[in-house]
Amino acid sequence: METAQGGPTAKSDQTVVRREVSGGDEARVAELYWEAFGRKLAPALGPPETGRRFIATHLHHDRGLVALAGGRVVGVAGYRLGGRALTGGGVKDVLKTYGLFRGLPRLAVLALLERTPAEGELVMDGIAVDAAHRGTGVGSRLLKEIASVAADHGCRRVRLDVIDVNTRARALYERHGFTAVRTERTPCLRGLMGFGAVTTMHREVTAADAPEAGSAP
């Protein structure tokens, strides 16, 4: 299926998953991201209004999948590939927004959150679903499409990091074939960001993840 913008989509029930963030949806995507990850992002990008605006302004539209219900974005999954992630903004952007003295420590926090893909790897950098649509399969459809994107780009695996307090997300990832490969204890971040450990999970990309594998005959 093709969107009006020419990007591939996946459809199930009343929800459509699209492989891009359309112009005009930036603020909504930023809202969902902040709702899901605001506690972790606040030390770097807070206060909330400023953080949401920063995310919306510096999005890389082609590094996000969105789930739409009735034309409204109800879910988003971002990923890093080819040196770019859904959430952008460089050193100059941070300093311009927050100023030199407030910006420098924020850059240090952002560096802690940075995740660089290995060769042949797609890194997920977040999945967020609107509260009213949780438990309806939106997250599962986004994860399935992430694997399809990875297959499209010739990646051999998908990698993600999940924090210790997000047990619901970890359970979702495990149901979709992700396995834990290591856990890094970060007790110094518990007071700052609200978590004390980060687990890295991998999921191998298979031939079944290729878009044509799921297409109707």
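Me: Let's start with charges. How far apart are the mean positions of the positive and negative charges of the chain?
Reply: They are 5 Å apart. That comes from 30 positive and 24 negative charges. Keep in mind that this is a predicted model.

Me: OK. How many helices and strands does the chain have?
Reply: There are seven helices and eight strands. The radius of gyration is 17 Å, close to the 17 Å that the globule rule gives for 217 residues, so the chain is as compact as a globular protein of that length.

Me: What does the C-alpha trace span along its principal axes?
Reply: About 60 × 40 × 35 Å.

Me: And what share of the residues is buried?
Reply: Buried residues account for 47% of the 217. As for the accessible surface, the total is about 11,000 Å², and 52% of that belongs to carbon and sulfur atoms.

Me: Let's switch to strands. How covered is β4?
Reply: Mostly covered: β4 runs over residues 72–80, and eight of its nine residues are buried.

Me: Which strands does β4 pair with?
Reply: One is β3, residues 64–69, which pairs with β4 in the antiparallel sense over six bridges. Another is β5, residues 121–129, also antiparallel to β4 and also with six bridges.

Me: What's going on at the turn between β3 and β4?
Reply: That hairpin has two residues between the strands, and Gly70 takes a positive phi near 60° there. For background, most residues other than glycine have a negative phi.

Me: Since you brought up α2, which of its residues are buried?
Reply: In α2, residues 48–57, the buried ones are Thr50, Gly51, Phe54, Ile55 and Ala56. They pack against α1 (26–45) and α3 (91–98).

Me: New topic, glycines. Where is Gly88, and is it buried or exposed?
Reply: Gly88 is in the loop between β4 and α3. Gly88 counts as buried because its relative accessible area is 19%, and the cut-off for buried is under 20%.

Me: What does Gly88 touch?
Reply: Leaving out residues up to four places away in sequence, Gly88 touches Phe54, His58 and His60. Phe54 is one of the buried residues of α2 that we listed.

Me: How about Gly139, where is that one?
Reply: Gly139 is in helix α5, residues 138–152. Its relative accessibility is 12%, so Gly139 is buried too. With residues up to four places away in sequence left out, Gly139 touches Ile127, Val129 and Leu172.

Me: How far is Gly139 from Tyr173?
Reply: Their C-alpha atoms are separated by 9.5 Å, while Gly139 and Tyr173 are 34 residues apart along the chain.

Me: Last one: what share of contacts joins residues at least 24 apart?
Reply: It's 68%, among contacts between residues at least 6 apart in sequence.

Conventions. Residues are numbered from 1 along each chain as its sequence is written. This is a predicted model: local features need pLDDT of at least 70, side-chain atom pairs count only at pLDDT 80 or more; totals for chains, interfaces and linings use all residues. Side-chain values use heavy atoms; hydrogens and water are left out. Helices (H or I, at least four residues) and strands (E, at least two) are DSSP runs, numbered from the N terminus. The radius of gyration is taken over C-alpha atoms; the globule rule is 2.2 Å times the number of residues to the power 0.38. Buried means under 20% relative accessible area, exposed over 50%, partly exposed in between (1.4 Å probe, protein chains only). Contact means heavy atoms within 4.5 Å. Accessible areas come from the Shrake-Rupley method with a 1.4 Å probe; for residues, only the protein chains shown count as cover. Lys and Arg count as positive and Asp and Glu as negative; His and the chain ends are not counted. The place of a charge is taken as NZ of Lys, CZ of Arg, CG of Asp or CD of Glu. Two strands pair if DSSP finds at least two bridges between them.
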